[in-house]
Amino acid sequence: MKADDPSTLCTRLEDSGRDSFVRVRKRDLEKLSTEVMQLRDFLHRVLNGSLIETLHKARLAETQKDHAEQELEQQRQECLHLDSRLGAAQKECQAEREEKLVLREQLLECREQLQQQAEFCTELGAAACTLLWSASGKEEAVRDMLADGKLEPFLSLAGQTLESFVKSLGEEVKPPQVEHNSHEYQFVLALAGFVTNLAAVTSGRDFLSSSSHVLLDTLMQLLGLMKPGVFNKLKVLMLMALYNVSISVKGLKYISGSPGLLPLISALLEDADAEVCLHALRLLQSLLLEDEVLAHVAPDLLTSLPLHRIRQLASSRHPALRQTAQETLDDLGSVNPTQQNEICEKTAFQGKRKP
């Protein structure tokens, strides 16, 4: 190919400094210009609305893709953060679980120790109060205790102990023969026995009548809470304590002032145990022997007392109970001679209603 041939395209480049030039034939340049003009004229036909919309959707999709990638990355970071927190929480939970197990073991040990201490204290209290019960059988010992001045707080604790014992039984009362072997029962039994011996001494019953009203109220309340046929020995000791206090006029006036005394005696007379009935009758006799007290309780005697039951007890095989019941009927009959017929009618009516 010759360089000076006018019918060919010269591809030689002439360099002058930084610029480069390409020589093209004029006809080819015009042809290229014509083609460009034609493309420009037909461009709007090629680039129609659907293509533009597709391009727009493609750009939008690309933008959404970028956002999705950013959100995915953000979520990945959050996931890593949560995973890190989860690991820390699991470690903390494991540590707390181990600590809880340790604390549970310690709690079980403490409960066991507390139970042992409670059993020891109950056993010690039962032994100490049994000795105190035995010692209080001597009048000189009771006078020494009263002179010491520490008896009032002790009696307060005794009342609380008896109340706690009776109220803790609820519906789950064990058979009496089982309870008699427990230290707890021996404990409260010894407390009741001590109060009974204390009230058997003149100075002791005077002290109870003047300084232990709460204890006397507690005894009457607990007698009403204890079910028939259960803890008969404890009931008997409580009734003996109240009877001993009633020997004092001051004590009798206080006991008779309780509105629940006659209903309590009536309920105790329905008990199947002969000793409980015997001492309930003796407490009733104390009310009937003091004129001032009798005048106070007489209006409620016929309506409160189960006379039919007293008549049944007057036929009991138990000698002391039979005699005391008959004496009580005689005392009731002498309350108001004009009411003899009314008492008999009342007795007969109640006997038909409650055989």
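## Helix H11

Buried here means under 20% relative accessible area, exposed means over 50%, and partly exposed lies in between (1.4 Å probe, protein chains only). The buried residues of H11 are Leu 261, Leu 262, Leu 264, Ile 265, Ser 266, Leu 268 and Leu 269.

## Model and overall make-up

This is a predicted model: local features need pLDDT of at least 70, side-chain atom pairs count only at pLDDT 80 or more, and totals for chains, interfaces and linings use all residues. Residues are numbered from 1 along each chain as its sequence is written, and side-chain values use heavy atoms, with hydrogens and water left out.

The protein has 16 helices and 2 strands. These are DSSP runs numbered from the N terminus: helices are H or I with at least four residues, strands are E with at least two. Of the 355 residues, 30% count as buried. Among contacts with a separation of 6 or more, 69% join residues 24 or more positions apart. Contact means heavy atoms within 4.5 Å.

## Nonpolar cores

A nonpolar core is a set of buried Ala, Val, Leu, Ile, Met, Phe, Trp, Tyr and Cys residues joined through side-chain atoms within 4.5 Å. The largest core holds 66 residues, and Leu 155, Leu 234 and Ile 310 touch the most other members. Helix H12 (residues 274-289) supplies the largest share of this core, 9 residues. A second, separate core has 6 residues, including Cys 129, Ala 158, Ala 190 and Leu 191.

Leaving aside neighbours within four places in sequence, Leu 155 contacts Phe 194, Val 195, Leu 198, Phe 207, Leu 208, Ser 212 and Leu 215.

## Packing around H7

Helix H4 (residues 151-169) packs on helix H7 (residues 202-211) at about 70°, with axes 12 Å apart. Axes are lines fitted to C-alpha atoms, for helices over the stretch in contact; angles run from 0 to 180 degrees between N-to-C directions. H4 is therefore roughly perpendicular to H7. The classes are roughly parallel (under 35 degrees), roughly antiparallel (over 145), roughly perpendicular (65 to 115) and oblique (the rest). Leu 151, Glu 152 and Leu 155 of H4 meet Phe 207, Leu 208 and Ser 211 of H7. These contact residues divide into 4 nonpolar, 1 polar and 1 charged. Ala, Val, Leu, Ile, Met, Phe, Trp, Tyr, Cys and Pro count as nonpolar, Asp, Glu, Lys and Arg as charged, and the others, Gly among them, as polar.

H7 also packs against helix H8 (residues 213-225), at about 90° with axes 6 Å apart. H7 is thus roughly perpendicular to H8. Leu 208, Ser 209, Ser 210 and Ser 211 of H7 meet His 213, Leu 215 and Leu 216 of H8. This contact has 3 nonpolar, 4 polar and no charged residues.

## Two buried residues

Thr 324 sits in helix H15 (residues 319-333). Thr 324 is buried, at 6% relative accessible area. Its side chain reaches the backbone oxygen of Ala 320 at 2.8 Å. Not counting residues up to four places away in sequence, Thr 324 touches Leu 278, Leu 281, Arg 282 and Gln 285.

Val 230 lies in the loop between H8 and helix H9 (232-246). Val 230 counts as buried, at 14% relative accessibility. Val 230 and Asp 271 are 41 residues apart in sequence and 9.6 Å apart in space, C-alpha to C-alpha.

Key. Polar contact = N/O pair within 3.5 Å; in protein donor to acceptor, adjacent residues only side chain to side chain.
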